[in-house]
Amino acid sequence: MNDQPDNSQAIRASDLAQDIRALMGKLKRRLREQAHVGDLTPSQVSVLLRLEKDGPATASSLARVEGMRPQSMGPVIAALESAGLVSGAPDLTDGRQTLLSLTDACRKWVEEGRAARQDWLTRILQARLSPEEQDKLAEAVELLKRLVDD
């Protein structure tokens, strides 16, 4: 008999998990639409974000951290270079290596994309949620943070 409450709690938790995953996926897609990512592949976006976060890197080190084969990273880098988003320069400590970094145009594009997503989400929150609902959402965000924070 003691299994009933635990079972219903497990079912509720599973349903919540499914709802959160679906909702987060939809929110992510909507935010991505606002950023105008264009024709970039997920691999290309991931490399750009990695270079932004970690700084200049070689193609082989990018391949390693992205879990790709070095041969697969070549076309990703080539596409980013031809789009003017990434540039290469000789490594000052090892002239055989090329360090890849974001171009100024890419940094500007990233900033504009973030600003567009922030603006869209701010406008949606203000337009669709009352101040009281925004307070409830702030509480829910704190709970979600507890799920992902160590």
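This is a predicted model: local features need pLDDT of at least 70, side-chain atom pairs count only at pLDDT 80 or more; totals for chains, interfaces and linings use all residues.
Why are E33 and R30 separated by about one helical turn? The two residues are three apart in helix α1, so about one turn lies between them; helices here are DSSP runs of H or I with at least four residues, numbered from the N terminus.

Residues are numbered from 1 along each chain as its sequence is written, and side-chain values use heavy atoms, with hydrogens and water left out.

The whole structure holds eight salt bridges. In helix α5, K108 and E112 sit four residues apart, about one turn of the helix, and their side chains pair at 3.8 Å, N to O. K108 counts as exposed because its relative accessibility is 51%, while E112, at 44%, is partly exposed (buried is under 20% relative accessible area, exposed over 50%, partly exposed in between, with a 1.4 Å probe and protein chains only). Helix α6 has a pair three residues apart, K145 and E142, whose closest N and O atoms are 3.2 Å apart.

The largest pocket holds about 980 Å³. A pocket is an open set of points on a 1 Å grid over the protein atoms alone, where a 1.4 Å probe fits, with protein on both sides within 12 Å along at least five of seven lines; lining residues have an atom within 4 Å of a point. The volume is the space filled by probe spheres set on the points, which are joined across faces, edges and corners. Of its 23 lining residues, L23, M24, L27, L137 and L144 are closest to the centre of the largest pocket. Helix α6 gives the most to this lining, nine residues.

The second largest pocket has about 620 Å³ of space. Its lining counts 18 residues, with R32, V37, V45, L49 and R117 closest to the centre. Here α5 supplies the largest share, seven residues.

Technical notes:
A salt bridge is a side-chain nitrogen of Lys or Arg within 4 Å of a carboxyl oxygen of Asp or Glu.
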